Amino acid sequence: MTLNSDFSARVLMHSDDIDWQASPMKGVDRRMLDRIGGEVARATSIVRYAPGSSFSAHTHTGGEEFIVLDGVFQDEHGDYPAGTYVRNPPTSQHTPGSQDGCTIFVKLWQFDPQDRVQFRKTMADTLPEPVGGVATAVLHEDTREVVTYSQLEAGAHMTSQAPGGIEALVIGGSLSIGGDVLQRHDWLRLPEGDPLSVVAGPDGAQIWIKTGHLPFAKPPVI
């Protein structure tokens, strides 16, 4: 399966317009944003766990990166409430689920194969004081990518001309970019050379951004 697999193209996905699709595990559904592959895939998705649902134990051969959007995600290592950012690198293992239900934004098979850095962060706890109505924290940085979390006050303007492509998820509030309005859980991917320029809506915005990574995009190695 391929979905939005042309990384030279601009892609904007309005989450609420995407149908939920069942995963192999009962009670776990997903909205696919981009994908190369079948059940083993380089994938970016929004995944919803019904109360009491879970996945079986598995190893992250290609790594897993996720944000808890609402509810509490759980595994044998602990509870992860909304606002938690997690990186589970290649070779890590867990048995994920949610007692009360949750929604996560997750990226699979997009790590450096040699990456072994595993961590979790509460994104808002890492923010500095805002400058020009924008507060930005670096969540992760390596030679392939930079991952940030920003909170924008109402009407604040944020730009990026980072090389290597730009990917953004609206976690809360709203943003305008050109003639488009991005609401909660909407997703944008800009190819190499396309700058990002957004303005926060009347309630401000919270946004996750990854830059630099698109030159490394490729199918999973099975």
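**Close-ups of a predicted model**

The lining of the second largest pocket splits into nine nonpolar, five polar and seven charged residues. Here Ala, Val, Leu, Ile, Met, Phe, Trp, Tyr, Cys and Pro count as nonpolar, Asp, Glu, Lys and Arg as charged, and the others, Gly among them, as polar.

A quick note on ground rules: this is a predicted model, where local features need pLDDT of at least 70, side-chain atom pairs count only at pLDDT 80 or more, and totals for chains, interfaces and linings use all residues. Residues are numbered from 1 along each chain as its sequence is written, and side-chain values use heavy atoms, with hydrogens and water left out.

**View 1. The second largest pocket, seen around Trp109 and Phe111****.** This pocket holds about 290 Å³ of space. Of the 21 residues lining the second largest pocket, Gly62, Trp109, Gln110, Phe111 and Pro113 are the closest to its centre. A pocket, on a 1 Å grid over the protein atoms alone, is an open set of points where a 1.4 Å probe fits, with protein on both sides within 12 Å along at least five of seven lines; lining residues have an atom within 4 Å of a point. Points are joined across faces, edges and corners, and the volume is the space filled by probe spheres set on them. Arg87 lies over the face of Phe111, at 4.4 Å from the ring centre; the criterion is NZ of Lys or CZ of Arg within 6 Å of the ring centre and within 35 degrees of the ring normal.

**View 2. The largest pocket, with its strand-built lining****.** The volume comes to about 590 Å³. There are 29 lining residues, and Arg30, Glu39, Phe55, His58 and Leu108 lie nearest the centre. Strand 4 (28-37), strand 5, strand 7 (58-59), strand 8 and strand 13 each put at least two residues into the lining, with strand 5 giving the largest share, five residues. Strands are DSSP runs of E, at least two residues, numbered from the N terminus. By class, the lining of the largest pocket has 15 nonpolar, 10 polar and four charged residues.

**View 3. Strand 10, covered on both faces****.** Five of the five residues of strand 10 (residues 84-88) are buried, so the strand is largely enclosed by the rest of the structure. Buried means under 20% relative accessible area (1.4 Å probe, protein chains only). Thr84, Val86 and Asn88 sit on one side, Tyr85 and Arg87 on the other. Strand 10 pairs antiparallel with strand 8 (residues 64-75) over four bridges, and Glu64 is partnered by Asn88. Four bridges also join strand 10 to strand 14 (residues 119-122), again antiparallel, with Arg120 as the partner of Val86. Pairing takes at least two DSSP bridges between the strands.

**View 4. Aromatic contacts, starting with Tyr49 and Phe73****.** The whole structure has seven aromatic pairs. The ring centres of Tyr49 and Phe73 are 5.8 Å apart and their planes at 80°, so this pair is edge-to-face. Rings of Phe, Tyr and Trp (its six-membered ring) pair if their centres lie within 6.5 Å, and planes over 60 degrees apart count as edge-to-face. Tyr49 is in strand 5 (residues 41-49) and Phe73 in strand 8, 24 residues apart; both are buried. Ring pairs link Tyr49, Phe55, Phe66, Phe73 and Tyr80 into a cluster.

Notes. Buried < 20%, exposed > 50% of the residue type's maximum accessible area, 1.4 Å probe, protein only. Phe/Tyr/Trp six-rings, centres within 6.5 Å; stacked < 30°, edge-to-face > 60°.
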